[in-house]
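This briefing covers selected local features of one protein model. Please read it alongside the sequence and the 3D view.

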Amino acid sequence: MIAARFHSFGKAEEVLHIQDSILPVLGNGQLLVKMLVPPINPADINFVQGNYGVKPDLPASPGIEGCAEVLESRAHGFEPGDKLIFIERVGTWQSHLVCDASKTLRIPSEIAPEQAAMLKVNPATAWQILHGYSDLRAGDWVIQNAANSGVGQCLIQIAKELGLQTVNAVRRDGLEESLKSLGADHVLLDDAELVEKVRNICGDQMPKLASNAVGGDSALRQMDALAEHGTQVTFGAMSMRSLKVPNKFLIFKGISLRGLWITKWISNSPRHEVAAVYQKLAQLVVDGKLTQSVDTLYKPQDLHQALSHAQQGERQGKVLLDWR
């Protein structure tokens, strides 16, 4: 087997290298799988840099999610040929790996590997934002920033399926057509005029829920646009600026501020609950109601090029590694 490994923390393009590796012996309750497609996520880059929420023992392989095929099983309920995703970190940037079956979930075989590979993080984050923090009903408004991001696109599609209406803030022009094709109701520039435009759109029914991936001034505009007793859920900080909350939003509007790290939700939730969410998400993919954009697939030998591309702005989707 071969694997992308790093022996020290640092810039991904400098410390990550493709190396030969040896598979561990397959034990009871474990699976030998062939990796098909893992994506390159911002969290993977942070993981290599050493500034993610967890630090591995070194050397290590990155890879927070991916799609694989079972080659050999010593776990009940899994057979060779099954397609699966990983709900716990196993280091998916490897051609093959041995892992506990409890860290995986089987998925329908008809899902394209590229879509399955991206199922763990973005769709589940969007799902939890819409289901875990506010009592939303069909027709309610939800506002989000970074609407063209992976989570943003998933949120648009899931919200549409739930009968919710979305106001989608973006940082540049030219994104309206693509987001509306996914089901976005309104696409607005995330600028000083945002709140007034939201008021004109929503009237007396201002958004009950805000999805915040940016922080800084963008997050403040969201708070201003929320209805009384609305909730803002923060799951990212693209602006690299902390939240500084004006007292008036807490005292007079009574808004709630929550945070979401999907890894923590998975580890803290019963397995049957996690499996049920992913089953619903997988069915949406099968039904053609949930899709994520792919920019480029790279072979492992082009790892450094893939890493550089994945960290560029204005991509047309996710960058993935193709281990097939």
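- His229 is located in the loop that runs between α8 and β12 (231-234); helices (H or I, at least four residues) and strands (E, at least two) are DSSP runs, numbered from the N terminus.
- The phi of His229 is positive, near 65 degrees, and the residue is not a glycine.
- With a relative accessible area of 60%, His229 is exposed; on this scale exposed means over 50% relative accessible area, buried under 20%, and partly exposed in between (1.4 Å probe, protein chains only).
- Ala146, also not a glycine, has a positive phi of about 50 degrees.
- Ala146 sits in the loop between β8 and α5 (150-162), and its relative accessibility of 5% makes it buried.
- A cis peptide bond leads from Leu58 to Pro59, with omega near 0 degrees.
- Pro59 belongs to the loop between α2 (42-49) and β4 (67-73).
- For reference, most residues other than glycine have a negative phi, and most peptide bonds are trans.

**Basis of the values**

- The model is predicted: local features need pLDDT of at least 70 and side-chain atom pairs count only at pLDDT 80 or more, while totals for chains, interfaces and linings use all residues.
- Residues are numbered from 1 along each chain as its sequence is written, and side-chain values use heavy atoms, with hydrogens and water left out.

**Helix α7**

- Helix α7 spans residues 194-202, and Leu194, Val195, Val198 and Cys202 in it are buried.
- Viewed down the axis of α7, these buried residues fall within an arc of 95 degrees, so they line one face of the helix; the arc is that of the directions from the helix axis to the C-beta atoms.
- As background, an α-helix has 3.6 residues a turn, so residues three or four places apart point the same way.
- The cover over the buried residues of α7 includes β8 (141-144), β9 (165-170), β10 (186-189) and α8 (216-225), where contact means heavy atoms within 4.5 Å.

**Buried polar residues in loops**

- Asp140 lies in the loop between α4 (122-131) and β8 and counts as buried at 12% relative accessibility.
- The side chains of Asp140 and Lys208 make a polar contact at 3.2 Å; such a contact is a pair of N or O atoms within 3.5 Å, and within protein one must be able to donate a hydrogen and the other to accept it, with residues adjacent in sequence counting only if both atoms are side-chain atoms.
- Setting aside residues up to four places away in sequence, Asp140 touches Asp135, Leu164, Gln165 and Lys208.
- Asn41 is in the loop between β3 and α2, and at 4% relative accessibility Asn41 is buried.
- Beyond neighbours within four places in sequence, Asn41 contacts Ile64, Glu65, Val121 and Lys318.

**Antiparallel sheet**

- An open sheet of 5 strands has the order β6-β3-β4-β5-β7, with antiparallel pairing; two strands pair if DSSP finds at least two bridges between them.
- The edges are β6 (96-100) and β7 (104-106), each with a single partner strand, so one side of each has no neighbour in the sheet.
- On average, neighbouring strands of this sheet are turned by 45 degrees against each other, direction ignored; the axes are lines fitted to C-alpha atoms, for helices over the stretch in contact, and angles run from 0 to 180 degrees between N-to-C directions.
- Strand β3 (residues 30-37) is joined to β6 by 5 bridges, and the two run antiparallel.
- Val33 stands opposite Leu97 in β6.

**Aromatic pairs**

- There are 3 aromatic pairs, given that rings of Phe, Tyr and Trp (its six-membered ring) pair if their centres lie within 6.5 Å; planes under 30 degrees apart count as stacked, over 60 as edge-to-face and the rest as tilted.
- Phe6 and Phe47 form an edge-to-face pair, 6.0 Å centre to centre with 80 degrees between the planes.
- This pair links distant parts of the chain, with Phe6 in strand β1 (residues 2-6) and Phe47 in helix α2, 41 residues apart.
- Both Phe6 and Phe47 are buried.
- The ring centres of Tyr52 and Trp261 are 5.7 Å apart and their planes lie at 80 degrees, so this pair is edge-to-face.
- Tyr52, in the loop between α2 and β4, and Trp261, in the loop between β13 (256-259) and α10 (262-268), are 209 residues apart.
- Tyr52 is buried, with a relative accessible area of 18%, whereas Trp261 is partly exposed at 32% relative accessibility.
- Phe6, Phe9 and Phe47 are linked into a cluster by ring pairs.
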